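Dear colleague,

I am handing over the structure below, and after it you will find notes on what was found. Please read them with the model open beside you.

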Amino acid sequence: MRFLIDCDVLLDVILDRAPHAEYSSELVDWAEACPGRAGVAWHTFANVHYLGGSNCLPFLRRLASFVVVPATGSGHLHRAFTLEMGDFEDAMQVSSAECFAAQFIVSRNLRDYIRSPIKALPPKEALTLLKAT
């Protein structure tokens with residue numbers, strides 16, 4: 001199973017946002033134990049750094065050692081433009097997830113992914129799915 005992890009999940013971990021940090025941290029731990037099965041979009045690193053502050057660089061460096069950053073480019077950006085989603089950044093996540101061949105996007109922001117061709121799951125549900133397989 002392959003997941004693309006959205007910004008909010010990583011921010012839960014970095015900022016220790018209760019009550020979400022527990023499941024988000026467990027998902028990141030799974031990704032570290034199963035290198036190559038979780039992806040993170042290139043622009044997510046910039047977003048997380050901007051919102052989480054410069055103190056999160058050690059976390060981002062560690063994260064980059066076990067997740068896949070899909071090699072997106074102009075074609076993937078144009079794909080994001082074609083997706084009829086309310087938030088363009090989320091459309092970029094979807095395009096990155098497609099490039100990574102992710103089965104799911106892990107996010108707590110499910111309402112913005114209603115029109116996504118790749119289903120979004122919250123971290124707790126993603127973990128339940130992993131434990132069932």
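D16 sits in the loop between α1 and α2, where helices (H or I, at least four residues) and strands (E, at least two) are DSSP runs, numbered from the N terminus. Because its relative accessibility is 57%, D16 counts as exposed; here buried means under 20% relative accessible area, exposed over 50%, and partly exposed in between, with a 1.4 Å probe and protein chains only. The phi of D16 is near 50°, a positive value in a residue other than glycine. P19 is found in the loop between α1 and α2 too, and the peptide bond that leads from A18 to P19 is cis, with omega near 0°.

Before going on, please note that this is a predicted model, in which local features need pLDDT of at least 70 and side-chain atom pairs count only at pLDDT 80 or more, while totals for chains, interfaces and linings use all residues. Residues are numbered from 1 along each chain as its sequence is written, and side-chain values use heavy atoms, with hydrogens and water left out.

A positive phi is also found at A101, where the value is near 60° in a residue other than glycine. A101 belongs to the loop between α6 (88-100) and β3 (104-106), and with a relative accessibility of 47% it counts as partly exposed.

Turning to the helices, the buried residues of α4 (residues 57-64) are F59, L60 and L63. Seen down the axis of α4, these buried residues fall within an arc of 95°, so they line one face of the helix; the arc is that of the directions from the helix axis to the C-beta atoms. P58 and R61, on the other side of α4, are exposed. The buried residues of α4 pack against α1 (7-14), α2 (21-33) and α3 (42-52), contact being taken as heavy atoms within 4.5 Å.

Helix α2 also meets α7 (residues 123-132), and their axes come within 8 Å and cross at roughly 45°. That makes α2 oblique to α7, since angles under 35 degrees count as roughly parallel, over 145 as roughly antiparallel, 65 to 115 as roughly perpendicular and the rest as oblique. Axes are lines fitted to C-alpha atoms, for helices over the stretch in contact, and angles run from 0 to 180 degrees between N-to-C directions. The contact is made by Y23, S24, E26, L27 and W30 of α2 together with P123, K124, A126, L127, L130 and K131 of α7. From C-alpha to C-alpha, E22 and G36 are 22 Å apart in space, although 14 residues apart in sequence.

Finally, there is an open sheet of four strands in the order β2-β1-β3-β4, with parallel pairing; two strands pair if DSSP finds at least two bridges between them. The edge strands are β2 (38-39) and β4 (120-121), each of which pairs on one side only. Strand β1 (residues 3-5) is joined to β3 by three bridges, and the two run parallel; I5 has V106 as its bridge partner in β3. Helix α6 lies across β1, β2 and β3, and runs at about 145° to β1.

With kind regards
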